[in-house]
Amino acid sequence: MHPLHIAVARGDTKLTNWLLSFAVDIEVLNYNGHTPLIHSVNLFFEYPDLQTKQTYLQIAYALVKAGANVPDTLLHNVVASGHYRLIKILLHANSCNLNSKNSNNHSVLDIAVMQFNFQVIDRLLHDRRINKSTFVQAFGFARKLEGSEARRILTLFEYHEKLIKPDSTLGIQ
């Protein structure tokens, strides 16, 4: 097993950071075909105690900061989990494709809407990488929802829709 995977498996943030300082291959696969980032996220969800979760958040952040690739399926699954701090960490990666669709043709924004996760919806709508097509699809989906929570979601979309200007680099592209 690669030393970086060993450091991740042990939850050793110091060793992980030390190895990353040597520009090790951060995309190396383990015996399950997982990168160290995927491994750290899986371990984050595996352990129930907050201290261990915090450790794997730190490791995930170090890996993202070092340039780890965030696969589309990982991002979709983490958004589906609704864990805001982990979502924020993954969104720091330049490799995040917020407009990719899963096998059900849903973007990460669609998933956040389906779960009525206002914090994630707002964070994603503020991200310049969300394109207009993704915005429009999720907005259309939000319009079909009912209830007071659905109204809050529509308010978020309507606010961000006003920020969209065809000739502007601000807001949705």
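Valine 41 is buried, at a relative accessible area of 2%; buried means under 20%, exposed over 50%, and partly exposed in between, with a 1.4 Å probe and protein chains only. This is a predicted model, in which local features need pLDDT of at least 70, side-chain atom pairs count only at pLDDT 80 or more, and totals for chains, interfaces and linings use all residues. Residues are numbered from 1 along each chain as its sequence is written, and side-chain values use heavy atoms, without hydrogens and water.

Valine 41 lies in helix H3, residues 36-46; helices (H or I, at least four residues) are DSSP runs numbered from the N terminus. Beyond its neighbours within four places in sequence, valine 41 is in contact (heavy atoms within 4.5 Å) with Leu74, Val78 and Leu86. Leucine 74 is 33 residues away in sequence, yet its C-alpha is 8.5 Å from that of valine 41.

I turn now to the charged pairs. There are 3 salt bridges, each a side-chain nitrogen of Lys or Arg within 4 Å of a carboxyl oxygen of Asp or Glu. Arginine 151 pairs with glutamate 158 at 3.2 Å between the closest N and O atoms. Arginine 151 is partly exposed at 44%, as is glutamate 158 at 29%.

Shared partners join Arg123, Asp127 and Arg129 into one network. Aspartate 127 bridges to arginine 123 at 3.4 Å and to arginine 129 at 2.9 Å. Aspartate 127 is buried at 9%, whereas arginine 123 is partly exposed at 24%.

How values were computed: Helices (H or I, at least four residues) and strands (E, at least two) are DSSP runs, numbered from the N terminus.
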